[in-house]
Amino acid sequence: MLDFSHVFRTAQHTAHFSPDARLVATVVDARVVVRDAASQQIAALFACDEAPAHVAWAPDAALLAVATRRTATVWSLADPQWRAVVDAGAAGLARLRWAPDARSLLVFSDFQLRVTVWSLVAGDAASIQHPKYCDRGFGFRADGRYFALCERRDGKDTLSVYDCEDWTLVKHFPVDTSDLEDIAWSPDGRFIAVWDSILEYKILIYSPDGRLISCYSANHDPGVLGIKSVNWSPSAQFLAVGSFDEKLRLINNMTWKPLIDLSHPTTVPYPDIPVYREAAASTNNMRNIVVGVADIRPQIYYELLKPPFNVHTVKVEIDKLSPKKGVGICEFSCDGRYIASRNDNMPNTLWIWDLVNLSQVALIQQLSAIKQIAWNPMDPELLAISCSNSFVYLWSKERGCSAIEVPTVNFQVGQIKWCPDGKSLALVDREKFCIAFLVEE
C-alpha cells in the first residue's frame, strides 16, 4: 500500500532526496525549493540567476550545489546566508559532482576540455585535462580515497587514478580498448571494470595500480554488437554483463568467467515460474482478479499465470546505431540476492532471478514498455517499476505484483527515486512530483 502526498511543481524531472533522507530538493523556474521529505513543508528556498541545469547534494547533506550554464553555486542548509560561487568561465559547465569529502566539487567543462576540482575549504582548484566524457567514464572508490578517470589522447584510451586527499596523480596507464564506453569500481575497491563500445564485446578487469587482471569476450564475430549494460553486485562477487545477444552473464570474481548465462527466451517453458500479466479490468473479468490495485474498483490488475507463456516482442530496427535489442537494464537488489533484467526487444517484460538458487523467481508482463526499475535500498525483496503512465508498480517476493494509481489527473510517472531510508519514493513527472509513502497493510 502507498499513501501519497500532495502534488508539487518541479522542472526537468528533478526531485533529489538528501543522503540523510530528511530533505528533497526540486527546481521551480529559477529557484531551488528544499522541502522536508516527511511533511513536504518548505525548509529552504534559493534563488538563481537562471534556471538550474543540475542539482547535487553533498554526501553529508550539509551543502547543496546548483549548476547553470557557466556557474555552480553552493548553499549551506545550516546557514542560508552563506554561499560559494564557482565560475566555469568560457569553457562552460557541462556537469558537476561532489567528491566524497563533501567539501570539494568536481566541475566538468563543455567539450570535455577539463575537470576542475574546487576546494570549498582551501579556496583553490586543481585541473585534470582531457576527460573522455562528462557523464560517464569516471568514478570514486567506495571508501572515497581514489578517483578514476578515463582520458583519451592521440586516439588512445587511458585511465588515471588520483588521490582524493590532494588530487595528485597516483597511476596512469593505457587500457586495451578500441573506444572505451565506461568504467565501474567494484564495491570492495579492489577492481576497476572497463568495457568497450557496443561495436566490440570486451570487458577488462584492472587493479587500481594498472595491472590487467582479466579480459573477457563472449563473441568474436565481426559485425556482432557487444555489451549494453554492466553492474557490480553489492558484495563484488559478481559482475553482471547485459549484451546485445539477449543474454545476461554473471561473471564471478574468482575465475572471471561466467558462472551462468541468463537468457530471455520468447517462450517461458518452466511451470514453476510465476507469471504476472498486467491487464485492464472490465465488468466481465473483475471476478478473475488475482492481484489487484489498492482500490475498491480497480482499473488495472494482474493475472497470475503459469508457463508455458509467450513473451511479447517488438520488431528490431537493425539499421539504427543502437537498436532496441539486448539486455539494457540489469539491477541488483540491495543485498545482491536478486537481479532484475529487461531485454529491450521485449520492452514490456521484466525478469527477476534469485542468485542464491540460480533460478528465475518471477516474470512480469506489463501493458506498456518498462522505462525504469528501482530496488528498495533497505528491503531487498521490494522493487518499484515505472512505465511512464499514471501508475506505480511494486513487486515483492512475498506479495507478488500490485499496481497503484497516482491520485491526481494528468500525472505520468516518468521517474521513480527511493528515499535512502527506503520508507518512501519520489514519483516525478516532467513538471510536477509527489512522494509515495509505504504503508503497512
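**Notes on selected residues**

1. Leaving aside neighbours within four places in sequence, S207 is in contact with F173, R190 and I213, where contact means heavy atoms within 4.5 Å. S207 lies in the loop between β21 (203–206) and β22 (212–216), with strands (E, at least two residues) taken as DSSP runs and numbered from the N terminus. At 4% relative accessibility S207 counts as buried, the class for residues under 20% relative accessible area, while exposed means over 50% and partly exposed in between (1.4 Å probe, protein chains only).

2. On the basis of these notes: this is a predicted model, in which local features need pLDDT of at least 70 and side-chain atom pairs count only at pLDDT 80 or more, whereas totals for chains, interfaces and linings use all residues. Residues are numbered from 1 along each chain as its sequence is written, and side-chain values use heavy atoms, with hydrogens and water left out.

3. D196, found in strand β20 (residues 192–196), deserves a careful look. D196 is buried yet has no salt bridge, and the nearest side chain of opposite charge, that of K202, is 4.9 Å away; a salt bridge would require a side-chain nitrogen of Lys or Arg within 4 Å of a carboxyl oxygen of Asp or Glu, and in the assignment of charge Lys and Arg count as positive and Asp and Glu as negative, with His and the chain ends not counted. The side chain of D196 does reach the backbone nitrogen of D179, at 2.9 Å. This is a polar contact, that is, a pair of N or O atoms within 3.5 Å, of which, within protein, one must be able to donate a hydrogen and the other to accept it, and residues adjacent in sequence count only if both atoms are side-chain atoms. Beyond four places in sequence, the contacts of D196 are T177, S178, D179, L180, E181 and K202.

4. T10 is found in the loop between β2 (8–9) and β3 (16–17), and is buried, with a relative accessible area of 6%. A polar atom of the T10 side chain lies 2.6 Å from the backbone oxygen of T14. Leaving aside neighbours within four places in sequence, T10 is in contact with T26, V27 and V28, and also with V428, D429, R430, E431, K432 and F433.

5. A37 sits in the loop between β5 (31–36) and β6 (42–47), and its relative accessible area of 5% makes it buried. Among the residues in contact with A37, leaving aside those within four places in sequence, are F17, A21, R22, I435 and F437. A37 and L425 are 388 residues apart in sequence and 9.8 Å apart in space, C-alpha to C-alpha.

6. How many disulfides are there? The count comes to 0, a disulfide being a pair of cysteine sulfur atoms within 2.5 Å. C330 is in no disulfide, and the nearest cysteine sulfur, that of C334, is 17 Å away; C330 is buried, with a relative accessible area of 2%. For C387, the closest cysteine sulfur is in C401, at 11 Å, which is too far for a bond, and C387 is buried at 4% relative accessible area.

7. The whole structure contains 17 aromatic pairs, counted where rings of Phe, Tyr and Trp (its six-membered ring) have centres within 6.5 Å, with planes under 30 degrees apart called stacked, over 60 edge-to-face and the rest tilted. F140 and F147 form a tilted pair, 4.8 Å centre to centre with 45° between the planes, and both residues are buried. Y338 and W395 form an edge-to-face pair at 6.2 Å centre to centre and 75° between the planes. This pair links distant parts of the chain, with Y338 in strand β33 (residues 338–343) and W395 in strand β38 (residues 391–396), 57 residues apart. Ring pairs also link F108, F138, F140, F147 and W167 into a cluster.

8. The peptide bond from P307 to P308 is cis, with omega near 10°, and P308 lies in the loop between β30 (300–305) and β31 (309–310). A61 has a positive phi, near 65°, in a residue other than glycine; A61 is buried, at 4% relative accessibility. D154 likewise has a positive phi, near 55°, but is exposed, with a relative accessible area of 81%.

Notes: Helix = DSSP H or I, 4+ residues; strand = E, 2+ residues; numbered from the N terminus.
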